Amino acid sequence: MSDASPPITVARPLLPDAHELLPYLEDLIQRRWVTNNGPYVNQLESELGRFLGTPEVAAVTNATVGLDLAVRAVASDGEVITTGYSFPATYHVLLNNPALRPVFVDIDDNYGLDPAAVADAITPQTRAILAVHTYGYPVDVERFEELGKHFGIPVVYDAAHTFGVTLGGRGIATYGDLSVFSFHATKVFNTLEGGAITAGMGKEALLERVRLLRNFGIVNEEEIALVGLNGKMDEVRAVFGLVTLPRVRQAIEARRKVVDRYLGYFAPSDPEVVQVRTDMYRRDGLCLNYAYFPVMVHPRGGVTRDTLYDYLKTRGILARKYFYPTITSSPIYRGLYNPERLPKTAYATSNVLCLPVHHEMTETDCNRIITAVDDVLRGRS
Ligand code: T4K
């Protein structure tokens with residue numbers, strides 16, 4: 001494949017055809033109701049509830065604001081135990097709230113918050129746990145449920161990557177106290193920018209608090225109950241979501257084919273050199289959405305993540321160093337954590353590369369990527 005081939009990006013938005021949008025846009029323009037809990041947002045919330053297997057959903061303007069709202073709904077001050085191995089949105093929400101103190105603990109082998117490390121970090125000041133289902137791989141939700149119950153601490157999931165993931169037939173949205181999904185253009189399901197918050201089983205009342213916080217804390221024309229902010233989704237983005245949602249299962253199936261091709265190449269490789277979480281794809285009862293395909297490139301194999309990234313780029317393959325930079329690699333976070341406690345976070349920050357996965361990728365694209373990776377790993381680059 002020549003370098004003149006079009007670049008393959010790490011992600012690509014799932015978009016409707018323009019003609020599908022027009023009747024909705026004409027309707028909302030005629031109606032003159034374009035935001036503030038409009039009918040299309042309400043409809044999208046109902047349809048998302050059915051898709052995610054949860055009774056209620058609160059749509060938000062993006063997942064970053066959604067995380068802020070979810071954390072505010074469960075914790076007004078004190079410590080929040082979280083991960084530094086994530087997109088900055090996760091921990092910036094905590095760092096931007098002067099009443100909260102993030103306590104960073106390490107990740108496990110699946111890149112998620114390690115429940116044992118969380119248990120060790122719980123103190124009388126702990127007010128919440130904020131865990132991320134990184135790359136769409138669920139964290140150990142059973143163990144977090146036990147911890148939450150035992151210590152009386154709410155568990156919030158950053159579910160930005162896990163749209164449509166199920167465990168034993170149960171939607172990932174139904175675990176913990178609250179979950180926050182991202183509908184950014186690069187995600188499995190998108191509304192250009194956007195997101196949603198769901199409540200865990202038996203925690204539905206929390207969503208009322210979230211809805212209040214999402215609308216500045218205003219109850220009605222006479223009453224403000226909470227110091228909230230503006231987290232609302234508008235009608236245009238809701239329309240994009242409504243038209244796109246019926247296509248998501250097909251898009252996930254297209255992603256699965258890409259990942260199967262990657263696994264065909266990577267699964268037999270030496271995990272001392274290059275490692276993928278093949279176990280995740282074979283786990284009984286776990287239905288993934290194939291959001292990302294992280295590859296750990298162990299530098300002891302003679303190749304580094306960065307040399308692989310650079311070479312792929314020369315071949316028009318735009319893999320991404322998700323997640324780099326993180327708290328362990330950026331000087332601005334110095335003093336906020338103990339580096340000795342985060343060895344896996346630091347290692348993953350330096351050595352993980354996410355290969356492109358999206359619904360428009362063809363078999364030819366996959367072969368082009370696998371050939372380029374193989375060139376690097378076999379020293380032919
Ligand atoms: N929690 C976690 C764990 C997250 O990963 C994220 C966001 C959040 C919370 C916060 O969610 P939001 O507040 O965003 O809802 C992207 C996304 O902007 C970000 O949403 C996402 N995670 C993160 C992992 O990736 P960048 O800076 O890498 O995106 P960018 O612009 O480089 O796009 C990546 C590729 O996607 C491009 O090379 C091409 C393709 N693309 C992108 C856009 C925007 C398109 O084809 N079309 C597009 O419109 O952050």
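Helices (H or I, at least four residues) and strands (E, at least two) here are DSSP runs, numbered from the N terminus. With that in hand, H3 and H4 each supply at least two residues of the lining of the largest pocket. Bear in mind that this is a predicted model, where local features need pLDDT of at least 70, side-chain atom pairs count only at pLDDT 80 or more, and totals for chains, interfaces and linings use all residues. Residues are numbered from 1 along each chain as its sequence is written, and side-chain values use heavy atoms, with hydrogens and water left out.

**Ligand surroundings**

- There are 26 residues around the ligand, and those that come nearest are Thr64, Asp158, His161, Arg320 and Tyr322; "near" means that a heavy atom of the residue lies within 4 Å of the molecule.
- Sorted by class, that shell has 12 nonpolar, 10 polar and 4 charged residues. The classes work like this: Ala, Val, Leu, Ile, Met, Phe, Trp, Tyr, Cys and Pro are nonpolar, Asp, Glu, Lys and Arg are charged, and the others, Gly among them, are polar.
- Thr64 has a polar side-chain atom 2.6 Å from a ligand oxygen atom, and Arg320 also puts a polar side-chain atom 2.6 Å from an oxygen atom of the ligand. For His184, the distance from a polar side-chain atom to a ligand oxygen atom is 3.2 Å. (A polar contact is a pair of N or O atoms within 3.5 Å; within protein, one must be able to donate a hydrogen and the other to accept it, and residues adjacent in sequence count only if both atoms are side-chain atoms.)
- On its own the ligand has 920 Å² of accessible area, of which the protein covers 74% (Shrake-Rupley method, 1.4 Å probe; for residues, only the protein chains shown count as cover).

**Largest pocket**

- The ligand takes up the space of the largest pocket; to sit in a pocket or cavity, a molecule needs more than half of its atoms within 2 Å of the grid points.
- How is a pocket found? On a 1 Å grid over the protein atoms alone, a cavity is a set of points where a 1.4 Å probe fits but cannot get out, while a pocket is an open set with protein on both sides within 12 Å along at least five of seven lines; lining residues have an atom within 4 Å of a point.
- Its volume is about 370 Å³, where grid points are joined across faces, edges and corners, and a volume is the space filled by probe spheres set on the points.
- Of the 21 lining residues, Phe87, Ala89, Ser182, His184 and Lys187 are the closest to the centre of the largest pocket.
- H3 gives the largest share of this lining, 3 residues.

**Second largest pocket**

- This one has a volume of about 310 Å³, and the closest to its centre of the 14 lining residues are Val103, Phe104, Val105, Ala121 and Arg341.
- Strand E4 (100-105) gives the most to the lining, with 5 residues.
- The lining divides into 8 nonpolar, 2 polar and 4 charged residues.

- Most residues other than glycine have a negative phi, and most peptide bonds are trans.
- Tyr322 and Phe323 are joined by a cis peptide bond with omega about 5 degrees.
- The bond from Tyr324 to Pro325 is cis too, with omega near -5 degrees; Pro325 lies in the loop between E16 and H12.
- Tyr135 has a positive phi, near 65 degrees, and is found in the loop between strand E5 (126-132) and helix H6 (141-151).
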